Amino acid sequence: MKHNDVLLDPRSVQDLRGEIRRLAASYTPEWAFSDTNPDVGSVVGLIFANQMEENIRRMNLVMEKYHTEFVNMLNLSLRPAYPASGVVVMNLIEGSVTGVQVPAGTRLIGQEDTEDARQIFFETVSDLYVTGAKLTDVFQASGTFGKLLPVRGCRPRQELPGTAAREEREAAAEESLETEQMPEIPLFDFDAQGIQRWALVLTHDTLFRTRENIELRVAVRGPQGEDLSEQLADPFRFRWSYLENGAYVPFSRVEPRDGAVSLWRAQASGGTGEDETAYECTEICVEALRPITENITIQSLTLSSSCDSLPPDTVYDGMSELEPASFLPFGETVSLFDECYLCADSVFSQRDASVEISFRLRTQEHLVSLSLAQEKEELRIIKRKPRTIQYQAARTSPQVVSLEYFNGAGWRRLACEEDWSSLFDGTHAGEFTIRFRCPGDWRPLVVGGYEGRSLRLRVTRADDCYLQPCLHTMPRLENLMLSYSYAGEWKQPQKVRRLCGTEVADLTRSLWAGEAFEGFCTLPYGGNALYLGFDRPMDGAPISLLFDVKESANFVDAPLRFEYSTGDGFEPLRVVDHTRNLSESGTVLFIPPVHFARREIEGQSRWWIRLVDERGQFDNPDQYHPVIRRILPNAVEIRNRITMPEEVFYVTASVPNMEFPLSARNILSVDVFVSEKSRLSVPAMRAMLEEHPDDVRVEYDFLGEITEFYVRWTEVDNFDHSSPGDRHYTLDRMNNVLRFGDGVSVMIPPAQPGPAFTVQAVCCDGSAGNLAAGRVRQSFSQLLYVESLTNPLPVASGSDLESVESARERGANLICSKNRLVSELDFLREVQAFASSIRKVRCVVGRDFDGYPMPDAVSIAVMTEDYTESSHVFANLRDRLRAHLMQKSEATLQELLIGEPSYVEISVSVWAGTEDPDHAFELQEKLRRQIEDYLDPFTGGSGRGWPIGVLPEEAQLSRMLHSTDCGLVVKRFCATARYTDRRGVHECSLSDMRPTLFMIGVSGTHTVSIRLK
């Protein structure tokens, strides 16, 4: 029990009045004591009660006074206020200079967004070179997972060569990305779909113009002649497609057969015109459906195709389209130079292939004679001009038919294996096959609305075709079918291109030269890495980058390595990492190396810095992935501190226990330099100057003689452990007074006519320096070429001068622990007294933050009142606390782990009913606020908050919800818990949650749904 909880006399003034009333009724029943309508006796009683209440109050302070006097025996001084800290990011004026040097100690100004807010001064902690280089490109790459994940500036997902979408995206990629908002980056989390693609694109201007029943064959051999068709025809690993209308369409059937990959197109829609252009295909593609983790080497790649039976696309007689199943190529009558076109671009484009045209030939006769009117007219002409009159009908047919193709300049006769020119003269019937080798100069043209290659049948001889009467014997073709085959011949693609990641490489030269090439290869990135690309070099130093991490982590077991680009690759980069391998927000400082050079990666020529997963820890899919919200260049840490002007003090008489008031307030530290020229000999001064030059100030005359000699003195809490020769002083920060010792057990400044000592104080504003993000926006003096500055993260962790109550607690703990930290209670008390912002502490010996045994470790979870702010806030407190605890327990402590608790976000969804729909929104908000208050880690639950290691249970939430007085009747509810550990982010029902030693519940997102009862 604390001393201020002990009451020697707990009676209040009401208790005293009640006691007087009871005694009066016992001793003088004839007199009624009244404090509402008092008589003279009652007035005396009331005066006595009030005076007695004051005496009791004073008596109850005795324990506190005794405690204070007891602690005063330790001569403790109040711990100083601590400055708020944060990070400021600066930006140069666009197009002004390449960079500006901002030295450490540069003063900045911030203030809250209120009218009466006072200015708060800050100083930069370190030097900073504000560079004009911009972070234009950010992406993640993993050779292990075979992924490329763009974040900013990099290309979008690449389309295959030849597609319309690729051309559109490449044009869009050239647009400026300076205004793009960078999304969050789950570091080395490659679950998302990347922009990487692996594909081989084969080009041939005729072989790929296939239709639904044409077999296309691709033979692929490895370096040892091994057949790769089984591997490439695996539908779970590769997809084959053909280019059609600017997009790739998968083949309907893919199978390995006879040492090659056989491909068939899907059945095309019928019709003519636009539908026929679907056969204009010059490219096919084989694309990997899974990341390539092993290279696939190709020695040879050849093509072939064949078709067993295919009707022509259309048959055209010069006037109309005919049905290929049965048609009269030259109509019912024949005329000289009649034409018929067999249109089949997919067949007639197969250069050097053996083409067959098969059909059944029949004949039919048609008599052409004169009408009665024509005969009379003919007889009249005969009477006028005698001639021989033919009364017997003549016979005619297409005696000679020429097979021709168009070569771009004109029609040429097609050379067939046999002479078929007289096939249609009316003397032949049955099944026939015309065979020829497809010419290489066959060119497409437009025939009756069909654009493509066509075979022309032209009548070149038809005797007596114009006589009448005449019997025309005309051919009829039935079941006309086309087929072609290369008869064992294989051709090479005219072009081979490889898409690996986002890079397209032309492999045609290697294929034609017979050289082996990597048809599919792994990404050239090795392990897991985050690439940061800058648009220009960084000429100055030091350069600083701010990494704003979404959630802090107590575990750092995945070390990162920083590297920079050179002309030959990447080299290690030495950095000062304040992020603990991105487990928390902070800055990373480095000096740009001399060999820092531009390098082209993913089509972007940039100066690159990359973060590498050094040990491959993130290859484990269950690994926790830090989430980076922002990466900002030109960041520098700031502290809320003001270096005051130096004060000069004189000592006319050196007496014990001298006190000197200081003008500074909220003093952090002071530099006290005491003049000791009158006390030290010249050799002693020169020895001190040589041994401790930083602790000495010297002034010389023109002859080189020492005229002034000042020595730095040291602050101590008290003089109990000081020796007669020690240069010590104490500082009363509550009263801002500097005190020296007695001159016997410790030195004091000597009296002298000139200045005796100087004091330069460094002050802060304590908790007033805690500002929200964006509130530090000015510099105290003008920074040339700096256009703007701001703090992207809150400025926090500032605390005021230690309170007297805290000092008493610390003194009592000091007596209990004898200034040594041994037990868990010792550590707990010491951490609680360290800073006023610390609200909750838990100390566990022999366990790490995940609860695993660690015998030599002391794990301390610290929760501050500003825990909702950036993790950068806690990092500064943690470092100071670690140094303090290690100093007090260096002999007993081997491993000290300090971190924040594991925050478990508890979200509650409630379904409730009400009879008051007019105030539904108000009731809804009221219940939601009550849930937030109940889950508050500091004041929730029973009113004292939730201890670390204990989570609210569903039964407790149920009692709270059903007992709340908010005008709603809770029907049902559910609660979920979200937390992060080494294995990532997890979410489950609160009832399934098993808290660890360092978990603590915080309020998440709550929803309240209301229905009318």
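What follows is a short chat about this predicted model.

Me: Before we start, what should I know about the numbering and the cut-offs?
Reply: Residues are numbered from 1 along each chain as its sequence is written, and side-chain values use heavy atoms, with hydrogens and water left out. This is a predicted model, where local features need pLDDT of at least 70, side-chain atom pairs count only at pLDDT 80 or more, and totals for chains, interfaces and linings use all residues.

Me: How many helices and strands are in the protein chain?
Reply: Both kinds are DSSP runs numbered from the N terminus: helices are H or I with at least four residues, and strands are E with at least two. By that count, the protein chain has 14 helices and 62 strands.

Me: What radius of gyration does the protein chain have, next to a compact globule of 1013 residues?
Reply: The radius is taken over C-alpha atoms, and the globule rule is 2.2 Å times the number of residues to the power 0.38. The C-alpha trace spans about 170 × 100 × 60 Å along its principal axes. A compact globule of 1013 residues would come out near 31 Å, but the protein chain has 48 Å.

Me: What share of the contacts with a separation of 6 or more comes from residues 24 or more positions apart?
Reply: Contact here means heavy atoms within 4.5 Å. Among contacts in the protein chain with a separation of 6 or more, the share from residues 24 or more positions apart is 76%.

Me: Which helix do the buried residues of H1 pack against?
Reply: Buried means under 20% relative accessible area, exposed over 50%, and partly exposed in between (1.4 Å probe, protein chains only). In H1, Leu16, Arg17, Ile20 and Ala24 are buried. They sit on the same side of H1 because they cover an arc of only 100° around the axis, the arc being that of the directions from the helix axis to the C-beta atoms. These buried residues pack against helix H2 (40–60).

Me: Which residues are exposed on the other side of H2?
Reply: In H2, Ser42, Gly45, Leu46, Ala49, Ile56 and Asn60 are buried. Their arc around the axis is only 100°, so they share the same side of H2. On the other side, the exposed residues are Val40, Val44, Gln51 and Arg58.

Me: Which residue caps the N-terminal end of H2?
Reply: Look for a side-chain oxygen that lies 3.3 Å from the backbone nitrogen of glycine 41. The residue it belongs to is aspartate 39.

Me: How many salt bridges does a search of the whole structure find?
Reply: You need a side-chain nitrogen of Lys or Arg within 4 Å of a carboxyl oxygen of Asp or Glu. Glu215, Arg217, Arg257 and Asp258 are even linked in a network of them. Searching the whole structure gives 51.

Me: How many residues apart in sequence are the parts tied together by glutamate 404 and arginine 456?
Reply: Their side chains meet in a salt bridge at 2.4 Å, N to O. Glutamate 404 lies in strand S24 (residues 400–406) and arginine 456 in strand S29 (residues 454–461), so the pair ties together parts whose separation is 52 residues.

Me: Are glutamate 404 and arginine 456 buried or exposed?
Reply: Take the two ends of that salt bridge in turn. Glutamate 404 and arginine 456 are both buried.

Me: Is threonine 508 buried or exposed?
Reply: Threonine 508 is in helix H8 (residues 508–512). Not counting residues up to four places away in sequence, it touches Gln494, Lys495 and Val496. Its relative accessibility is 8%, so threonine 508 counts as buried.

Me: Which proline is joined to glutamine 468 by a cis peptide bond?
Reply: Most peptide bonds are trans. Here omega is about -5°, and the proline is found in the loop between S29 and S30. The partner of glutamine 468 is proline 469.

Me: What is phi of serine 797 near?
Reply: Most residues other than glycine have a negative phi. Serine 797 is in the loop between strand S54 (786–790) and helix H10 (804–817), and it is buried, with a relative accessible area of 7%. Its phi is positive, near 70°.

Methods:
A polar contact is a pair of N or O atoms within 3.5 Å; within protein, one must be able to donate a hydrogen and the other to accept it, and residues adjacent in sequence count only if both atoms are side-chain atoms.
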